[in-house]
Amino acid sequence: MENEITVGVRVPHGLFSDTAALRDFVAGAEEAGIDRLCVGDHVTFKGGQGFDGLVHATALAAVSTRITIQTAVYLLPLRHPVPVARQVASLAEFAPGRVVFGVGVGGEDPAEYRACGVDPRSRGRRMNESLGVVRALLNGAEVTASGEFFPLEDVCIRPIPSKPVPIVVGGRSEAALRRVALHADGWLALWVSPERYAKACTQIEKLAAADGPRADGWRHGMHVWCGFDRSPEQARSALAGSMEQIYRTPFEKFERYTPYGTAEDVAGALRGYVRAGCRSFNLIPGDAGAQETIEGARSVRKLLNGQALAG
């Protein structure tokens with residue numbers, strides 16, 4: 001259905017160390033009708049935490065059959081865009097038409113940039129330059145460029161993906177919204193109110209207007225941390241512990257954007273975004289187990305689409 005609301009989930013990190021469990025999770029997500037599987041990306045975050053988003057995405061591609069796989073988000077400014085384009089093209093061979101390349105600048109931990117030999121102050125400019133290169137290479141162009149960071153001469157990759165790989169950009173700043181308008185197929189919002197979501201989508205439309213109308217529309221969506229439990233108090237406690245461990249920041253900073261409780265509670269909190277025009281959500285259910293993650297996402301999807309829950 002054209003107006004159907006889609007729901008994806010971030011795959012629990014622990015599953016990537018157990019191939020059988022990962023296969024079971026992916027099969028369960030496909031059986032439940034979940035739309036996307038998402039992976040994050042960090043090199044050395046807040047004391048060394050991390051996992052490579054494209055490696056995890058490739059693992060999902062290898063064990064899935066029909067579900068969409070999305071990086072949400074891959075820290076593109078930490079890498080050189082030419083090998084990244086090759087990696088994305090190779091990933092797309094595993095899952096033709098099922099890959100969405102979500103990218104962001106990160107920056108919550110400047111030490112991560114310095115560890116990769118990148119000046120944190122350059123991350124926005126590097127992102128803009130890298131996006132242009134990656135997009136051109138994936139589209140089959142030969143790229144010659146004299147950019148600030150990546151001078152290139154007659155560079156191409158072959159083969160290119162048999163089906164286009166959509167690129168979506170995360171971030172909340174004015175620069176991020178301009179980046180979406182100029183370089184991307186959509187915006188992946190995080191930690192914004194429904195009002196700000198709607199305003200930003202309108203702003204992206206205006207910024208992109210110079211290029212003319214888009215025949216295929218935009219691929220905007222929300223990335224949402226959440227917690228599932230019959231007890232809202234227990235859901236909050238588990239979610240707060242998980243987020244504070246990762247971000248080293250009090251949960252109260254995120255709480256207004258972070259629904260928790262039953263699937264009905266989470267879906268209820270997301271309906272404001274639906275009214276604001278959002279039709280795509282990626283859920284990050286804290287430290288929920290595999291089955292709880294799948295069941296929570298399945299239930300939220302049904303509720304947002306106005307379907308009765310069985311059982």
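## Around helix H6

Helix H5 (123–138), strand E9 (167–170), strand E10 (186–190) and helix H7 (194–208) are among the elements covering the buried residues of H6. Contact here means heavy atoms within 4.5 Å, and buried means under 20% relative accessible area with a 1.4 Å probe, protein chains only. Helices (H or I, at least four residues) and strands (E, at least two) are DSSP runs, numbered from the N terminus. H6 itself spans residues 174–183, and its buried residues are Ala176, Leu177, Arg179, Val180 and Ala181.

A quick note on the model: it's predicted, so local features need pLDDT of at least 70 and side-chain atom pairs 80 or more, while totals for chains, interfaces and linings use all residues. Numbering starts from 1 along each chain as its sequence is written, and side-chain values use heavy atoms, leaving out hydrogens and water.

## The barrel

Eight strands make a closed barrel with parallel pairing, in the order E1-E2-E5-E6-E9-E10-E11-E14. Pairing takes at least two DSSP bridges between two strands. E11 (residues 221–225) and E14 (residues 280–284), for instance, pair in parallel over four bridges, with tryptophan 225 partnered by isoleucine 284 in E14.

## The core

Phe101, Trp187, Phe281 and Leu283 touch the most other members of the largest nonpolar core, which has 94 residues. Such a core is a set of buried Ala, Val, Leu, Ile, Met, Phe, Trp, Tyr and Cys residues joined through side-chain atoms within 4.5 Å. H3 gives the most to this core, seven residues.

How values were computed. Buried means under 20% relative accessible area, exposed over 50%, partly exposed in between (1.4 Å probe, protein chains only).
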